Every structure is written in structure tokens, then in C-alpha cells.
Amino acid sequence: MEAALYRVAQALARAERVLFITGAGLSADSGLPTYRGLGGLYNGRTEDGLPIEAVLSGAMLRRDPALCWKYLAELGGACLQAVPNAGHLAIAELQRRIPGCWVLTQNIDGYHRAAGSPAGRLIEIHGVLAPLFCQSCAAEDEELAAHLQRSLPPRCNACGGVLRPPVVLFEEMLPQEAIDTLYAELRKGFDLVLSVGTSSTFPYIVEPVLRTRERGGLAVEINPGLTALSAEVDVRLVGTALDVLPKLLGHISNDRICK
Ligand SMILES: [Zn+2]
């Protein structure tokens, strides 16, 4: 582990373009349950007898917003209870030191922003849980925590329309702006890509790793277990993000000359 860690630290110290790809494993270290997309939190069927993919879908939000919101509220409640951890903070600090360092996250908890990752170099490919917005008049609403204490679905103060979070529900499209930003940055290329706490099941999560390697960059995976991507990376750092990322940061000095 030490040799591998040092190799990655050296690459980080030299790199001008770095991409962190983060998934549920990173937020699991904050105490959030891991889930694949939005759904694995519930392991298949809900207590309402429907698959989670059906209740957390755009169609259900239109047809039965109270039912969809019952499960959105569980996600929201879990996210509000936890906070960013040392892994999020280490990534934000590396972004501060490396102007070409980006984050692509599948997490909807908003913890990268909360940890200080600049919004201009953060791609939240599955959206975020807050702030909510009104589906009728588009007004934003910052009161997620308060709404979760009232009857669901939450309603707009201005017009009474049903509020929703800007997340990607099942059967919904990925946000075009996020996709455009991701591919624009991929065209510029990265020297180093680090896949952190993700099982790498989505093509838009795997592709940046493979493209970086094809162009001669270093591909790193930080994960306690094996994933679909493990055989495709140059270096595996076996451990949780919370364990590995602060150690990695410890090897990088302020001006990025390795100790
Ligand atoms: Zn409204």
C-alpha cells in the first residue's frame, strides 16, 4: 500500500489535470447507506410493494407525488443527518492546490460543495437533493428540512405547486449541462483519474477512466473491494476513501512538491 500510495502522490504532485470520480462509498464513510443510483438504499421492493425504480421515477412524481416523496424524504432525511467527511475535505483541498482538478460525482447529497469543492469544477451528474424547486413556477425553496416535518409532498409557498429536488429520478435524463461539461473536459484530457468509492456500473463513470488511460494518463481506484473497473486501472489503493484520501493529501505539500 505504501509504495502504491507514494506512486499516486507523486502523480498528484506533478499533474495539471486531475479528475476525481466519486460514488456512494465516499458518502458511506459519512454514515449514509450505500445505494446504487437512488435505489439500492431499499434493496429492491419497497414496503408499498413496488420496485424502488418505480416509486422514485419521474412518472411516479407526476402520478402520485406523495408516494414518490415518501421515499425522497427518506433520502433527504439521511443526507441532512450526516456531514462531509475527511475524504470530501481532502478532495476539496487538492482542488484548491491544483487549479485543473475536477470532481465528477454520482452522489446527490451535496457534500462536495459543503466541503468546499468549487462549483465551477464540480459535475453532479445525478443532480442534488437541494434546493428544491417548484414544478409549476420554478421558484427555488431552501426549506428541505422544514418540509420533511410536514405533510408530503412539499408545496410551493408562492403558487402551491409540488416541489421537487433537482435530482435525476429513474427514467429521467441526465442533466445536459453536466454531460456537456463532462465531455468538454474529457476532450481536454486528464493526466490522472481517481475513481473513489464507486462500483463503476454506469458507462459515463467508466469512460473517463478508460479514456484517460488510452491517452497515457494514470488511472487509480480507491475502494475496499473489487469493482467492474479494478482490472482496468494502473494502481489500486485498497481501503475506504476516508482512510486513503487524507493519507494521500499528507504526502502532498502546499506547493505540491512531494515529501
Ligand atoms: Zn410555485
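The legends below describe close-up views of a predicted model. Local features need pLDDT of at least 70 and side-chain atom pairs count only at pLDDT 80 or more, while totals for chains, interfaces and linings use all residues. Residues are numbered from 1 along each chain as its sequence is written, and side-chain values use heavy atoms, without hydrogens and water.

**View 1. Helices H6 and H11 cross at roughly 30°.** H6 covers residues 86-97 and H11 residues 241-250, and their axes come within 8 Å (helices are DSSP runs of H or I of at least four residues, strands runs of E of at least two, numbered from the N terminus; axes are lines fitted to C-alpha atoms, for helices over the stretch in contact, and angles run from 0 to 180 degrees between N-to-C directions). H6 and H11 are therefore roughly parallel (an angle under 35 degrees). On the H6 side the contact (heavy atoms within 4.5 Å) includes Ala 86, Gly 87, Ala 90 and Glu 93; H11 contributes Ala 241, Leu 242, Leu 245, Pro 246 and Leu 249. By class, nine residues of this contact are nonpolar, one is polar and two are charged (Ala, Val, Leu, Ile, Met, Phe, Trp, Tyr, Cys and Pro count as nonpolar; Asp, Glu, Lys and Arg as charged; the others, Gly among them, as polar).

**View 2. Helix H9 packs against helix H10.** The angle between H9 and H10 (residues 203-214) is about 10°, and their axes are 10 Å apart. H9 is therefore roughly parallel to H10. Leu 182, Tyr 183, Leu 186 and Arg 187 of H9 meet Tyr 204, Glu 207, Pro 208 and Arg 211 of H10. Five nonpolar and three charged residues make this contact, with no polar ones.

**View 3. A cis peptide bond joins Ala 130 to Pro 131.** Omega of this bond is near 0°. Pro 131 sits in the loop between strands S3 and S4 (132-134).

**View 4. Ala 138 has a positive phi.** The value is near 75°, in a residue other than glycine. Ala 138 belongs to the loop that runs between S4 and strand S5 (140-141).

**View 5. A cis peptide bond joins Leu 152 to Pro 153.** Here, too, omega is near 0°. Pro 153 is part of the loop between helix H8 (144-147) and strand S6 (163-164).

Key. Parallel < 35°, antiparallel > 145°, perpendicular 65-115°, else oblique.
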